[in-house]
Amino acid sequence: MNSSPGAPILEIRDLTKTYRGGVTALGGIDLTVHRGEIFALLGPNGAGKTTLIGAVCGLVRPSGGTIRAFGQDLAKDWRKARARIGLVPQELATDMFETVWHAVTYSQGLFGKPSDSARLEEILRSLSLWDKKDAQIRALSGGMKRRVLIAKALAHEPELLFLDEPTAGVDVELRKGMWEQIAGLKERGVTIILTTHYIEEAEEMADRVGIIQRGRILMVDEKRAMMERLGTTEAVIDLAEPLREVPAGLAGFPLELAAGGAQLVYRGGNGQGRGRAEVAELTQALTRAGIGFTSLDIHDSSLEDIFVGLLGDKAEAA
């Protein structure tokens, strides 16, 4: 992944959306997305992910704030900017009786693009849809239908692509195939904003991650930086002989006894990525203290661990 950000392609400032009845879907969103990156937006159901995408893509009218894409204010020059944006919606909103070829051809012309059959063939082949071009969409599998939505979104060659839950309802094998397709789009210079319930998707592909809850952005950071800063390490050490208590010589380590004294459990790292180094120091201290152990199982926080922990902390504080 690229570590140095490109120029901003999308700038959102103090974006709000309140629906009739007083339900606030977006409560003052500030977000900058850089050209050429894959940005993953994570959050539980109802957090505001789809409303945010809809506001940028012209499907939702904001209550306040500004959205600039490609340096243009979308409130003033929406049509020109929208022609450079692609959207793969969460719902399969397309005519199920039309053919794949007709669907992508229509999408290509929707934003004033001239007909380019060669480009459409290239897109369909890249998504393994070429042999299905004359099939009605209703006859396709769920994974193939999802690929048709991506083909439709790519037909007018957008520079900024929104993928709202792109692999929802897709089995694991097809999901990994979709990841490859998304990585290929990035290589071609497309900036991608992705929402997903599958946090491993963000962990696999994203350059940066944003976490949204209750219409507010809780955190935005580079994926690796977030994992190093908020992650912890857990190590379970099976002891050769049970202990009654943690020896005084190990008091400097975050340890507790488990399994009736047969295990030492380390939980630390303090969100600074030091956990594994400290576990190495711990094993040396055990050796010096004459405490034998038979096995060591070590685990670092995943992005999902951090995500669940962060949302849990915020919920408790609310």
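The model is predicted, so local features need pLDDT of at least 70 and side-chain atom pairs count only at pLDDT 80 or more, while totals for chains, interfaces and linings use all residues. Residues are numbered from 1 along each chain as its sequence is written, and side-chain values use heavy atoms, with hydrogens and water left out.

**Exercise 1. Classify the aromatic pair and place its two members in the chain.**

Step 1. Rings of Phe, Tyr and Trp (its six-membered ring) pair if their centres lie within 6.5 Å; planes under 30 degrees apart are stacked, over 60 edge-to-face, and the rest tilted.

Step 2. The ring centres of Trp101 and Trp130 are 6.0 Å apart and the planes stand at 80°, so this pair is edge-to-face.

Step 3. Trp101 belongs to helix 3 (residues 100-110), and Trp130 to the loop between helix 4 (117-126) and helix 5 (142-154), so the pair ties together parts 29 residues apart in sequence. Helices (H or I, at least four residues) and strands (E, at least two) are DSSP runs, numbered from the N terminus.

Step 4. Buried means under 20% relative accessible area, exposed over 50%, and partly exposed in between (1.4 Å probe, protein chains only). Trp101, at 25%, is partly exposed; Trp130, at 21%, is partly exposed.

**Exercise 2. Find the charges that sit over rings.**

Step 1. The test is that NZ of Lys or CZ of Arg is within 6 Å of the ring centre and within 35 degrees of the ring normal.

Step 2. The charged end of Lys133 is over the ring of Trp130, at 5.2 Å from the centre.

Step 3. Arg84 lies over the face of Phe70, with 4.0 Å to the ring centre.

**Exercise 3. Describe the surroundings of Met226.**

Step 1. Met226 is located in helix 8 (residues 223-230).

Step 2. With a relative accessible area of 0%, Met226 is buried.

Step 3. Contact means heavy atoms within 4.5 Å. Apart from neighbours within four places in sequence, Met226 touches Val209, Ile211, Met219, Asp221, Gly231, Leu303 and Ile306.

**Exercise 4. Compare the span of helix 6 with the expected value, then say what covers its buried residues.**

Step 1. The expected span of a helix is 1.5 Å times one less than its number of residues.

Step 2. Helix 6 (residues 172-187) has 16 residues and runs 23 Å from first to last C-alpha, close to the expected 22 Å.

Step 3. Its buried residues are Arg175, Gly177, Met178, Trp179, Ile182, Leu185 and Lys186.

Step 4. The cover over these residues includes strand 3 (38-42), helix 5, strand 7 (160-164), strand 8 (191-195) and helix 7 (199-205).

Step 5. Just after helix 6, Gly189 has a positive phi of about 95°.
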